[in-house]
Amino acid sequence: MADFMPAGVVPEARPLDDYADVIGRPQLAEIRNLARYVEGRTFQHVNSTAVGGGVAEILARLVPMMRDLGVDARWSVMEGDAEFFKATKAFHNALHGMLVPLDDSMFDAYERATERNRGLLQDCDYVALHDPQPAGLIEYRRDVRSKFVWRCHIDVSEAEARLWAFLRRRIERFDASIFHLPQYTKGLHIPQVLLPPAIDPLSEKNCDLPDHEVKSIVASHGIDPEKPMVLQVSRFDWLKDPLGVVEAFGIVRRWMECQLVLAGGSASDDPEGAEVLAAVLRRAEGVPDVHILSLPPDAHRTINALQRAATVIVQKSVREGFGLVVTEGMWKGKPVVGGSVGGIRYQLVHDVTGFLVHSPEGCAFRVRQLLADPERARIMGQRAQESVRERYLLPSYIRNWILVLLAMDRGPVPVNHL
Amino acid sequence: MTGPFRFNDEVALIKAASLAADDLSSLLAGLRRASDSSIFYHVHHALFRRHFAASEMSNDFARWAWITLREEPLAERLAAVDPLQFRSIPEARDHLIGIVESYAGRVRFLARVPREHEFHFCEAQTFVFPTGHVAEDLEGFLRGIRGAGSGTIFHHFIAARHRVGLPDNDFSAWIEALGERDLADRIRKLSPFRYTLWELRDRVAAMIEEHLSHG
């Protein structure tokens, strides 16, 4: 087991050169040239879950690839009890602007877990703490020469005031912060870098699959590979509005022969998933052609096959950090109908690379439009794929992380000659 | 005697400028207050950010005016702004301010957009570094340009205009110093509104190749 990864996580140690066919040799050379300026530096990432969820997925790739580039990167996971994860789940929802009762015991649980994990911090040149869960560890920073960055993966623009004040006191002690999108920034008194996340085009979830494998995987879940498929992939979470998707499908299904697949799982830090799944099962009772798949966290190839088999991909979130699942769908050349929120608004150029919708009715209208016009769907999917190739693939993400490290070293100088 | 051509790469880290606009009046205020690197990001960088969609507006201000503010006449005028016509960023800023000011003075009602649809000013922190390719002559230059990435083309062909002075770019300036004025001129005329950075690279390489073959 690699000692630079959390226990049980296998590094996806793919050489950067493997990406040449996807992004081209010049872009690879750019990353290698840039990496020379941070070669040999130590860089620790800390988050709160080793498996499940977008953060864990990206760290499993980012860390080994940074090492491949000569950066001594490592990843640690903070430990917490049920009380801590219950509190941070409530924090997650409250940061997204949901009305969630927060009480002192939750803040106490957070501080106790932070204190218990203080030994996790290593003396590194750079430390990245991901999301609110480990942010409190900044209080235990030992070496003032280390540069600390807070990486925010969620939309905190409408965060609950008391909670944000609690976090802000901690976050403004970092050297820099990173947000997915400009609208998520919070007027902090530290640099606010904009860094959208990325997908790995060579991972099991995104690599090319032969048609026969796609069909066989789809059929093995009782889905008809020949019937038009509307797909939403996401963990069972109220913020992803799975009930709204079932409602939209009901409208489409009245006049179009098609099937709905809701495929999801739940991350280890999300105790709410089972409750949402039960509600979706109840809502879908009696609606024909609805397939609800509760998949394990490592069902990447299955998700890949479902996305490739889909006719239209839906992501009808009511709140969204960035929505990497939208990026995945776009990368597969599919038209995506997405809720007009968060990172989905940023990724989908309405009527060019996808459709933005505001309601189950709007979702139904656009899905029906795409099912009825396959040529339009094809062109939209093609543009979506090119958009992802330019901006949201792992090699660009790694390059941008190197720039973050350089920017923390150099301060706010607009033009830097290395 | 002309020195060697050293190929550089240019990449940018994007940061929030903590400045937002929710109507034409706050857009104007933002245009006045934003840093030069912010104007550079929203106008120059934007030109090459959305080549996958030809129907897209060429700069961020035009796109926001079109899609969010729904001020189509303003969007059309902003979309026609050519970032390469200006000698400096302040000149580009003044031009944008002039367009928005004159339009805002003529409209009867200034629409405001909700918070989630605001225009957020960003800025680019730029990093320039050598690619390692050095050309002593046209043959070497051709090898360098063939292996160049989009950041190299952006640096020498687009951003260079602010360094070298209009209407030049680093490629043409160096090639002209070699005594190849016609070739330099033909490269100067390549339109960034017609080609992506990758296509610009391929066009420059093809022109040099053709020139060398007629040697």
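Predicted model: local features only at pLDDT ≥ 70, side-chain atom pairs only at ≥ 80, totals over all residues.

Student: OK. How is chain A divided into domains?
Tutor: The assignment gives domain 1 (16-198 + 393-410) and domain 2 (211-391). Their C-alpha centres lie 28 Å apart.

Student: How many residues of each domain take part in the contact in chain A?
Tutor: Domain 1 of chain A puts in 21 residues, and domain 2 of chain A puts in 19 residues. On the domain 1 side, H4(A) gives the most, with 4 residues. That side of domain 1 of chain A has 7 nonpolar, 11 polar and 3 charged residues.

Student: And chain B, what are its domains?
Tutor: Chain B has domain 1 (5-9 + 130-213) and domain 2 (11-124). The C-alpha centres of these two domains of chain B are 29 Å apart.

Student: How many residues are in contact there?
Tutor: In chain B, 10 residues of domain 1 are in contact with 8 residues of domain 2. Helix H7 (residues 150-164) of chain B supplies the largest share of the domain 1 side, 5 residues. By class, the domain 1 side in chain B divides into 5 nonpolar, 3 polar and 2 charged residues.

Student: Switching to helices. Which residues are buried in H6 of chain A?
Tutor: In helix H6 (residues 161-171) of chain A, the buried ones are A:Leu163, A:Leu167 and A:Ile171. Looking down the axis of H6(A), these buried residues fall within an arc of 65°, so they line one face of the helix.

Student: What do they pack against?
Tutor: The buried residues of H6(A) pack against helix H4 (82-95), strand E4 (147-151) and strand E5 (176-179) of chain A.

Student: Which exposed residues sit on the face turned away from the buried side?
Tutor: That face of H6(A) carries A:Ala161, A:Arg162, A:Ala165 and A:Arg169.

Student: Now strands. How many residues of E8 in chain A are buried?
Tutor: In strand E8 (residues 259-264) of chain A, 5 of the 6 residues are buried, so the strand is largely enclosed by the rest of the structure.

Student: What is E8(A) joined to?
Tutor: Strand E7 (residues 229-233) of chain A is joined to E8(A) by 5 bridges, and the two run parallel. In that pairing, A:Val230 has A:Leu260 of E8(A) as its bridge partner. Between E7(A) and E8(A) the chain passes through helix H8 (residues 242-253) of chain A, in a right-handed β-α-β crossover. E8(A) is also joined to E9(A) by 5 bridges, and these strands run parallel. There, A:Val261 stands opposite A:His291 in E9(A).

Student: Last topic, loops. What is phi for A:Asp289?
Tutor: For A:Asp289, phi is near 60°, a positive value in a residue other than glycine. Most residues other than glycine have a negative phi.

Student: Where is A:Asp289 found?
Tutor: A:Asp289 lies in the loop between helix H9 (273-284) and strand E9 (290-294) of chain A. A:Asp289 is partly exposed, with 17 other C-beta atoms within 10 Å.

Student: And what about phi of A:Asp351?
Tutor: Phi of A:Asp351 is near 70°, again positive in a residue other than glycine. A:Asp351 is in the loop between helix H12 (342-347) and strand E12 (354-357) of chain A.

Student: Is A:Asp351 buried, exposed or partly exposed?
Tutor: A:Asp351 counts as partly exposed, because it has 14 C-beta neighbours inside 10 Å. To be buried a residue needs 20 or more, and to be exposed 12 or fewer.

Note on methods
Residues numbered from 1 in each chain as written. Chains lettered and ligands numbered in written order. Domains from an automatic or database assignment. Contact = placed C-beta atoms within 7 Å. Nonpolar A, V, L, I, M, F, W, Y, C, P; charged D, E, K, R; others polar. Arc of directions from axis to C-beta. Pairing = 2+ DSSP bridges. Right-handed = clockwise from strand over helix to strand, strands pointing away.
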